[in-house]
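Dear colleague,

I am passing on the structure we talked about, and below it you will find some notes on what came out of it. Please keep it open while you read, so that you can follow each point on the model itself.

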Amino acid sequence: MNLIIQTLADGLVLGGIYALAAVGFSLIFGVLHVINLSHGIIVLMGAYLALILSETLHVDPLLTMPLVMAILFGVGYVYQRFLIQYAVDSAAFASILLTFGVALMMHNVMIWVFSPDMRNITPTWAFTSLKLGPIVLDAVRVSCLAASLILLTCLAALLKFSALGRVIRATAQQTLAARLCGVNVRHVYALTFAVSAAFAGAAGIVIGIILPFSPADEGTWTLNAFVVVVLGGVGSPAGALIGGLLLGVVSTLTAQYIGPSFPNVTMFLLLVLLLLVRPQGLLGNAFAPSR
């Protein structure tokens, strides 16, 4: 029984990280209708930026999160406004080819700059643990889960209560009506991508603290984000959280009771089953067109 409880607790922690890593992908797909195949690159950019800043400034890696998010917010805005938008305007599938090409290019740039070796971000409190009855959780995982949940809550509040969130939702639901009301749709798309990039960078910091990372991991995190979005639904932080938690629990249970080589098998089996039963995801599309 203790082993099951411990495995479930580890799965929930991993699921929170999956959710944070996927919410930016979900937002871009829901608002811009773009499948961003360079999403994993942005996640790793956050991890490497946090590693550089924490070593240079001698601060805790979590304290670098606001600066990393600000940097990637700017990068995301420029990337969408001056590259992806032109691809979207030129052809239906050009954005997929563009983001795939950018992912390949940046993958090789990262290998050249940082080497293909595994890196990790180690805070000073990395070896502290918390014991709750039979469950033992290290402080790193608990802190990263808390950071993930706080950021997901902040994004949900931004989308629901802020003026920017209302404009993003209006643009996603009725693009033509938003244009007729004077909304600069291209600017909204760029801001949406910028917000998504900022949250992807924050996810990279959390991932880098918990797991070793290298440039080769970019495809894995893009794929995980895609699976989480399909499971939970498009455009919703709550959907990303449910999909991430479900994926995390299934992965840890599979690794513990079937074998460490089988989490990907169960992940794709779960994906196929959900596509057959509920293709819109558990919570559906948060930006479904209004009537």
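Confidence in this predicted model is lowest in strand 1 (residues 129-132), where the mean pLDDT is 72, and highest in helix 2 (residues 39-57), where it reaches 95. Over the protein chain the average pLDDT is 88, and 97% of the residues score at least 70.

Just after helix 4 comes Ser115, which takes a positive phi of about 75°.

How do helix 5 and helix 8 pack, and at what angle? Helix 5 (residues 139-161) and helix 8 (residues 185-210) have axes 9 Å apart and pack at an angle of about 170°. Because angles over 145 degrees count as roughly antiparallel, helix 5 is described as roughly antiparallel to helix 8. On the helix 5 side, the residues that meet helix 8 are Val140, Arg141, Cys144, Ser148, Leu151, Leu155 and Leu158, while helix 8 contributes Val195, Phe199, Ala202, Val206, Ile209 and Ile210. Sorted by class, this contact has 11 nonpolar residues, 1 polar residue and 1 charged residue.

With best wishes

Definitions and conventions
Residues numbered from 1 in each chain as written. Predicted model: local features only at pLDDT ≥ 70, side-chain atom pairs only at ≥ 80, totals over all residues. Heavy atoms only, no water. Axes fitted to C-alpha atoms, helices over the stretch in contact; angles between N-to-C directions. Helix = DSSP H or I, 4+ residues; strand = E, 2+ residues; numbered from the N terminus. Parallel < 35°, antiparallel > 145°, perpendicular 65-115°, else oblique. Contact = heavy atoms within 4.5 Å. Nonpolar A, V, L, I, M, F, W, Y, C, P; charged D, E, K, R; others polar. pLDDT = per-residue confidence, 0-100.
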